[in-house]
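User: I've got this one open and I'd like to talk through its packing. Can you take my questions one at a time?

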Amino acid sequence: MTHAMLKGSNVPLDTAAVRAVLRWTPGPGVPDVDASALLLGADGRVRSDEDFVFYNQPRHPSGCVRRLSKKRDTEGFTDTVEADLGNLEGSVDRVIVAASSDGGTFRSVSDLRILLYDAAAGPGREPLALFDVTAETGEETAVICGELYRRGDGWKFRAVGQGYPTGLVGLATDFGISVDEDAQDEGQAAQAGQGGPEGLQGGQEAFPAAGTPDFDATVAHTPVPPQPTVPPMPDRAPAYGYPQAAPEFRMPPMGPQFVRP
């Protein structure tokens, strides 16, 4: 029997492994939707950035939570998170299942729902529970659809439906994920076609078109005197010559990268 859930309601789970399926109908003006999961400790925060399972980190190191491939069927698109609750570490108190939109807000996703299945059941089985996720304000770009949480020796599922206008980044940072803001800004600029000098938009030219005078054509240009020629440095430093320059050191990026593949 499938439990049709209301916001805030919960249902006990009699299975050790579940599959949380997000389903929606694509169409003109409907943004793409991505599923993700956060593994939280008793303090309501992640233990490390590895506790965030999403499109650029689809599998938890423990192997107990993973994001499956997105699919399309006769009813629409699906994106799925699978959780082996029976084998999760005891320090994991909750697993949040979230959705984020790409290319618009959840105002345009009118039929998003989460369906919870027994992961060990065969195809064609009815879901254990379903919850229709609706936008609260219409401006959300991320939403917590539901959460799996411990109760005694078992687990329960709660329908949540809490929206975030700050998107997946805002949702993740609320639970303790460290975001590399510089890398995030660079990724968003590249994704929007804003690479190049001064954040050029896609299609803009980085240099003036041929025949366009530099600066003001009425300004007289002072000729530059010839410069002395400097002999090129050898490819390899001689045994008793100048040492080679040390390679440039770059700090590795910090935190997950929120640039969709």
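This is a predicted model: local features need pLDDT of at least 70, side-chain atom pairs count only at pLDDT 80 or more; totals for chains, interfaces and linings use all residues.

User: Which residues touch the most other members of the largest nonpolar core?

Analyst: That core has 36 residues. A second, separate core has 18 residues, with A142, I144, Y164 and L168 among them. In the core of 36, the members with the most contacts to other members are L88, L112, I114 and L148.

User: Take L112. Which residues does it touch, leaving out those up to four places away in sequence?

Analyst: Among its contacts are W24, V33, A99 and F106. L112 also touches V143, and it lines the largest cavity.

User: How much space lies in the largest cavity?

Analyst: The count comes to 1 cavity of 30 Å³ or more. Its lining is F106, V109, L112, V133, T134, A135, E140 and V143, which by class makes 6 nonpolar, 1 polar and 1 charged residues. The space in there is about 50 Å³.

User: A135 is on that lining. Is A135 buried, partly exposed or exposed?

Analyst: A135 sits in the loop between β11 (129-132) and β12 (142-151), and it touches F106, R107 and E140, not counting residues up to four places away in sequence. Buried would need under 20% relative accessible area and exposed over 50%. A135 has 35%, so it counts as partly exposed.

User: How far apart in space are A135 and Q162, C-alpha to C-alpha?

Analyst: In sequence, 27 residues separate A135 and Q162. In space, the C-alpha to C-alpha figure is 8.4 Å.

User: Last one: which strands do the buried residues of α1 pack against?

Analyst: Helix α1 covers residues 167-174, and G167, L168, G170, L171 and A172 are buried there. After α1 comes G176, with a positive phi near 100 degrees. The buried residues of α1 pack against β4 (32-40), β5, β9 (94-102), β12 and β13.

Methods: Residues are numbered from 1 along each chain as its sequence is written. Side-chain values use heavy atoms; hydrogens and water are left out. A nonpolar core is a set of buried Ala, Val, Leu, Ile, Met, Phe, Trp, Tyr and Cys residues joined through side-chain atoms within 4.5 Å. Buried means under 20% relative accessible area, exposed over 50%, partly exposed in between (1.4 Å probe, protein chains only). Contact means heavy atoms within 4.5 Å. On a 1 Å grid over the protein atoms alone, a cavity is a set of points where a 1.4 Å probe fits but cannot get out, and a pocket is an open set with protein on both sides within 12 Å along at least five of seven lines; lining residues have an atom within 4 Å of a point. Grid points are joined across faces, edges and corners, and a volume is the space filled by probe spheres set on the points. Ala, Val, Leu, Ile, Met, Phe, Trp, Tyr, Cys and Pro count as nonpolar, Asp, Glu, Lys and Arg as charged, and the others, Gly among them, as polar. Helices (H or I, at least four residues) and strands (E, at least two) are DSSP runs, numbered from the N terminus.
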